[in-house]
Amino acid sequence: MPDNPLHRVLCIDLTNQQYRVEEKPHLFEESVGGTGIAIRLLEEECPPGIDPLRPENPIVFAVGPLTGLFPLASKTVAMFKSPLTGNLGESHAGGRSAVSLRLAGYGAVVIKGASESPVYLSIHDDKVYFRDASALWGMTNSHTIGRVIREREPGSGTRTIMRIGRAGEQLVRYASVITETYRHFGRLGLGAVFGSKKLKAIVISGNRSLIVANPKQYRKTYDEIFQAAVNSSVMQKYHQVGTAENIEPLNAVGGLPTMNIKESRFDGAKAISGEQMAQQYLGRRIACAHCPIACIHIAALREPYEQDPYFYKTSMISYDYEPIYAMGSMLGVSDSRGLLKLLDDADRLGVDVMSAGVVLAWATEALEKGLIKLEDLAGAELKWGDHQAYRRALKMIVEQPNDLYRALARGVEYASSQYGGADFALALGGNEMPGYHTGPAAYAGFLMGSRHSHLDSAGYSIDLKSKNQQSASKIADALIAEETWRQILSSAVVCFFARGVYTQERIARAFDVAGCDVRSETLLQIGGETLRRKYSFKLREGFSPKKLRIPQRILETPSASGIISESLLRETVSQMNQKLTSL
Amino acid sequence: MTKRLAVIDSDLCVGCQSCMFACSRRLGFAGLGRSCILAKSVGGITRGFTVIVCRACPEPSCAKVCPTEALQLREGGGVRLDVKKCLGADCRLCQQACPFGSVFWDDQNDKPAICVYCGYCAEYCPYDVIAVEGEGEANAR
């Protein structure tokens, strides 16, 4: 398609407050969109070996050919050099950013440089405004930032407002970027990169039409995908109880990380399960842009003001499986009200709730073992289950009043390098772990997956199916095969929850309707190439599979598939490295 | 029987935009540039959504202010647009007059985008927020 707006890359220079649009049709033809495009732009724009918090670190956002055309293709892929791991930073978010970006007329945005004083970017179709954000810098609640910008900017209903909280300003290495109040670029510290650039927020609005060559075929393909989505039982699960439905099953099989994985089952699991949360608190379900499923679950927490009888406030707080694991079972918190307040605090402050939970869990155990001192915690006497102490500590991680909190703000890998306790510091590849203590495949994925996440390779699923009976080579093959395919999904920015809807054949047909000239047979080849590029970037930035630290704790506490063998895990890592370097 | 689109219960709306995309798709376009329906938050997604769509008023404000009679009254309520008579972006009085904000704008043609009450959007609403209602049926909220 000539003049396809997808091929337009908006390049923004914060240092000089300038912007321009570059047409990159060949890049999109070769690498599709989303992850595929983002890694190409990162390769081009990120100089080797830079400090991730220097102005040279680019922020890339990319969407795909199906965005704005088909449902469930509304993720935005962010790439940057991670200030948490020092290598590839990749984080995906739902919400409205992908559709807004596409319908503003772009396929990607690259933000470079740094502003002298706080700014927010306001992108409305072809115009970019650099707006002063000095008055917004330092505000304690990220939700307020959203409210202020919402009143000031146009585009209600077809815009995104991405913003950071205090954690991003304070360069907490796992600070998040929050979008539409309830979705996040959570992992790997994009919020700190925003903060280092004095970039407080980005508003993008757009609602243009996109031309399709064959409207009849478009409607037909659309209907097929839409019907498959709304009639799918898997999608029903995400709509009804939501991702939190996994708490009880993971607990039942002994795969729910509990109290820093001293245990893999949590006595309080039922109290914080998806079913309980829904019965007690569920106040609203909402959807990302152009997604009929509505998996976002929002709790309504009603609390009295203690000094003022009959005066209440109701907070609307989003919850999902991972946040419940990280601030619930991982910290021994079974008081669901306390848990919700912790989740709300994480959003107000703008920290990645998963990293924050793992950091607090390490600190609790480090205090138990005498590695850190109570006085260093400055009044937050960390104890399993004590949500009030955790809330105090979380605020101090952001404000960093002393050396201990400064170390905690750099992540658990760094904190344990300073204070000891690496055996129970639950970061893999430098990133705090997600909530799956299921077996070797999950951990191999966390260690070697390009973003150290369970999301790209689904190792937990291999574990639960194989019960620790597979060889290193088979695990490595299965993880890489899944990760290769998911590069295509994330290049089309299809939500991974919709992976059953978007089969290879359907993706190819949707691409065809969208004017993206990629045949079904070449999809996996492109996925492999994207994975290879991402792994090369990691190696370039110092990632070394041989140096990967495996915390002793994960080998000691039985997982859902029994005791994990270190030699099997190391062998799987080695095999994955061989396979990834020969892609 | 004259039809109109009714918002049955906006509290059921999850903001999925399926209706909005359907409206442009009906005309053969992807994206939202032709859409005559908007689901937007009520002061932030925290507070839920409102659905903005033509209510097919019996005495439409938009038609009253149209200087060229481009907006013709439709039997049973609402209006039809005669694009040849419309002054487009030079005028926009209809857009200003509609108290609901239901006169959308088609940037490509620079004319108002007016709901034709076809109900295509409602077919894609997964949560029964909107429905086509016949004349004389109970008024929805």
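Trainee: How many residue pairs are in polar contact across the interface of domain 1 of chain B and domain 2 of chain B?

Mentor: The rule finds three, with both residues of each pair at pLDDT 80 or more. Keep in mind that this is a predicted model. On the domain 1 side that touches domain 2 of chain B, the residues split into two nonpolar, one polar and three charged.

Trainee: What area is buried between domain 1 of chain B and domain 2 of chain B?

Mentor: About 380 Å², and carbon and sulfur atoms give 46% of that. Six residues of domain 1 of chain B are in contact with five of domain 2 of chain B.

Trainee: Over to chain A. Why does Asn57(A) count as buried?

Mentor: Buried means under 20% relative accessible area. Asn57(A) has 0% relative accessibility, so Asn57(A) counts as buried. You'll find Asn57(A) in the loop between helix H2 (34-45) and strand E3 (59-62) of chain A.

Trainee: What does the side chain of Asn57(A) reach at 2.8 Å?

Mentor: The backbone oxygen of Pro52(A). That side chain also reaches the backbone oxygen of Lys81(A), at 2.9 Å. The cut-off for a polar contact is 3.5 Å.

Trainee: Which residues does Asn57(A) touch, not counting those up to four places away in sequence?

Mentor: Among them are Cys46(A), Ile50(A), Phe80(A) and Val193(A).

Conventions:
Residues are numbered from 1 along each chain as its sequence is written. Chains are lettered from A and ligands numbered from 1 in the order in which they are written. This is a predicted model: local features need pLDDT of at least 70, side-chain atom pairs count only at pLDDT 80 or more; totals for chains, interfaces and linings use all residues. Side-chain values use heavy atoms; hydrogens and water are left out. Helices (H or I, at least four residues) and strands (E, at least two) are DSSP runs, numbered from the N terminus. Buried means under 20% relative accessible area, exposed over 50%, partly exposed in between (1.4 Å probe, protein chains only). Contact means heavy atoms within 4.5 Å. A polar contact is a pair of N or O atoms within 3.5 Å; within protein, one must be able to donate a hydrogen and the other to accept it, and residues adjacent in sequence count only if both atoms are side-chain atoms. Buried area is the accessible area (1.4 Å probe) that two parts lose on being put together, summed over both. Ala, Val, Leu, Ile, Met, Phe, Trp, Tyr, Cys and Pro count as nonpolar, Asp, Glu, Lys and Arg as charged, and the others, Gly among them, as polar.
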